[in-house]
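The report below is meant to be read alongside them.

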Amino acid sequence: MIVNRKPLTFWEKLYLPAIVGGFKVTIRHALRSLFGGKTVTMEYPEQKWAVPPDYRGAPYLVKDQDGNTKCVSCQLCEFVCPPKAIKIIPPGPAGQSADRSNAEKMPQEFEINMLRCIFCGLCQEVCPEEAIFLQKDYSLTGLSREEMIYDKEKLLALGGIHGGIQKWKQKLEEAKEQETFPVKV
Amino acid sequence: MDWNFIIFSVVKIAIVIGVVQGMVAYAVLAERKISAWIQDRVGPNRAAPPFVKAIPGLGPFMIRLGLFQPLADGLKFMLKEDFTPAGVRKVYFWLAPAIAVIPSMLVIAVIPFGSQLGHQQMVIANLNVGILYTFGIVSLGVYGIVLAGYAANSKYPFLGGIRSSAQMISYEISMGMSVIPVFLIVGNLNLNQIIGWQAQHGWLVLYSPLSFIIFLVAAFAETNRLPFDLPEAETELVGGYHTEYSSMKFALFFLGEYSNMIASAGIMVTLFFGGWTLPFWGLGHPATTLVAGIAHILVFVVKMLLFMVLFIWVRWMFPRFRYDQLMDLGWRKFVPLALVNILVTAVVLWMMS
């Protein structure tokens, strides 16, 4: 495409219209941000952006509505994790049993290395127990590498209680439904 | 040798250098703040020593203005690693920052920043050839930049150095010629005498506005400020001539650039806006009392600060000139204009005499 360059008029050659224009624009903006307080800056630690609902932040373990550990130590998330950020130590044959009645076991140790995590969400996608969710935390900081490896207690505390999805309650209701015939779905 | 003269000169030099350094630090802050406001931003508003927040009312306001940012910046420059890249020409690499700073400091020596305090004239060196000295020293400033570009042994600084040498040499000519009408009118090169003449007859900007405009534009070009910041054009040349510099050496270039701005603001105030005089409130003649002397210094500083704000403000008004447009403006517009200005002034003065 060829753009024809219009020759400048005498006024434009003097740069005067440009000077006046620049003067007007700059003073308008300066006065507006100085006295009107209309700045575009978000002053971060005091003001925070609204995190969108399906934001993929840090993955944390969640508890069910009764405050029990949801994770059953199946290790699917450990296997699927692309950067190998998750490390699970299962309880073993003689280990502690799960703190809820409808699960066999829960992890003895569950670690996520937040320096390795790429926030891809595969662990959440693969979890059969809906025990791990990518939550809305985006500013993870620490003073050492060790500090950035989150252990089970920390992950559970940060994850909190996830009352929304109550998989086993629904399963129980489904099972009860199936007691009667014909099955209502 | 007059010991009195030596002692007072040393004191004046120390004070002026200290004040100029402080002004440079706060000019950087002003630049950042004004730029921020023009761009709808907030600007630096965090850095402060911990006890300041405890001051009720004033403390948070000062932090909000970023008044402690220059301290943090200075500390950062001191503590940063001074890195010398492999392959630089070491001698020139070390020499260039010093050469960039020294001329801008030397220029300030002849600027009268006040009338009198007691019996001391408020100028470091009351030279009879004041403005010639200024032009001589200012033209040394280009060596710092050219040497920096050459010493870095890298293409972007080299291009920056080449651009600056061409630009500064071109604009020195129109700058020098633009002030000739001033001297034709006043008939003296001594800056104090020029101020004295202006106190009697009115500011020279009224007599020779074209001189002022050419001088102003040339001053922008000489100090490498936008719209003539081709030597350091970040968008084109990474950082220009100081790309390879770090830490205190980089800070020296910064210091040189801003002291240049301060010096040229001072010269413009002196030559065209009556220096330390004001036509009213009886500030038009050399001070006899201490209060009037201090008032004169304040008048000068305020006028200079207004020019500094202009320097910063203009930065956001225009896009950068293209290299050929820059040369065109310098050689084909300003040089002929300055020549015509000299001729017309001379003819008018001849007719009037």
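What follows describes the confidence of the model, the contact between the chains, and selected features of each chain.

## Confidence and interface

This is a predicted model, and the predictor assigns the complex an ipTM of 0.72 together with a pTM of 0.79. For chain B the average pLDDT is 84, and 98% of the residues score at least 70.

Where the chains meet, ten residues of chain B are in contact with 14 residues of chain A. On the side of chain A that touches chain B, the residues divide into six nonpolar, six polar and two charged.

## The sheet of chain A

Chain A contains an open sheet of three strands, in the order 2-3-5, with antiparallel pairing. Because strand 2 (86–89) and strand 5 (149–150) of chain A stand at the edges with a single partner strand each, one side of each has no neighbour in the sheet. Strand 3 (residues 109–113) of chain A pairs with strand 5 of chain A in the antiparallel sense, over two bridges, and A:Asn113 is the residue that stands opposite A:Ile149 in strand 5 of chain A.

Helix 5 (residues 152–159) of chain A packs on this sheet, where it touches strand 3 and strand 5 of chain A, and the direction of the helix makes about 75° with that of strand 3 of chain A.

## Loop residues of chain A

The loop between helix 5 and helix 6 (167–179) of chain A holds A:Gly160, which counts as partly exposed because it has 14 C-beta neighbours inside 10 Å. From A:Gly160 to A:Pro83 the separation is 77 residues in sequence and 25 Å in space, taken from C-alpha to C-alpha.

## Helix packing in chain B

In chain B, helix 1 (residues 3–38) packs against helix 13 (residues 247–272) at an angle of about 100°, with the two axes 9 Å apart; helix 1 of chain B is therefore roughly perpendicular to helix 13 of chain B. From helix 1 of chain B the contact draws on B:Val20, B:Met23, B:Val24, B:Ala27 and B:Val28, which meet B:Leu255, B:Tyr258, B:Ser259, B:Met261 and B:Ile262 in helix 13 of chain B. The residues of this contact divide into nine nonpolar, one polar and no charged.

Helix 6 (residues 141–151) of chain B is mostly covered, with nine of its eleven residues buried. Among the buried residues of helix 6 of chain B are B:Gly141, B:Val142, B:Gly144, B:Ile145 and B:Val146, and the set also includes B:Leu147, B:Ala148, B:Gly149 and B:Ala151. The elements that cover them include helix 4 (90–108), helix 5 (130–138), helix 7 (155–178) and helix 13 of chain B. Helix 6 of chain B is followed by B:Asn153, whose phi is positive, near 55°.

Another asparagine of chain B, B:Asn224, likewise has a positive phi, near 60°, and lies in the loop between helix 11 (209–222) and helix 12 (234–237) of chain B. Is B:Asn224 buried or exposed? B:Asn224 is buried, because 26 other C-beta atoms lie within 10 Å.

Technical notes
Residues are numbered from 1 along each chain as its sequence is written. Chains are lettered from A and ligands numbered from 1 in the order in which they are written. This is a predicted model: local features need pLDDT of at least 70, side-chain atom pairs count only at pLDDT 80 or more; totals for chains, interfaces and linings use all residues. Two residues are in contact if their C-beta atoms, placed from the backbone, lie within 7 Å. Ala, Val, Leu, Ile, Met, Phe, Trp, Tyr, Cys and Pro count as nonpolar, Asp, Glu, Lys and Arg as charged, and the others, Gly among them, as polar. Axes are lines fitted to C-alpha atoms, for helices over the stretch in contact, and angles run from 0 to 180 degrees between N-to-C directions. Helices (H or I, at least four residues) and strands (E, at least two) are DSSP runs, numbered from the N terminus. Angles under 35 degrees count as roughly parallel, over 145 as roughly antiparallel, 65 to 115 as roughly perpendicular and the rest as oblique. Two strands pair if DSSP finds at least two bridges between them. pLDDT is the predictor's confidence in each residue, from 0 to 100. A residue is buried if 20 or more other C-beta atoms lie within 10 Å of its own, exposed if 12 or fewer, and partly exposed in between; C-beta atoms are placed from the backbone.
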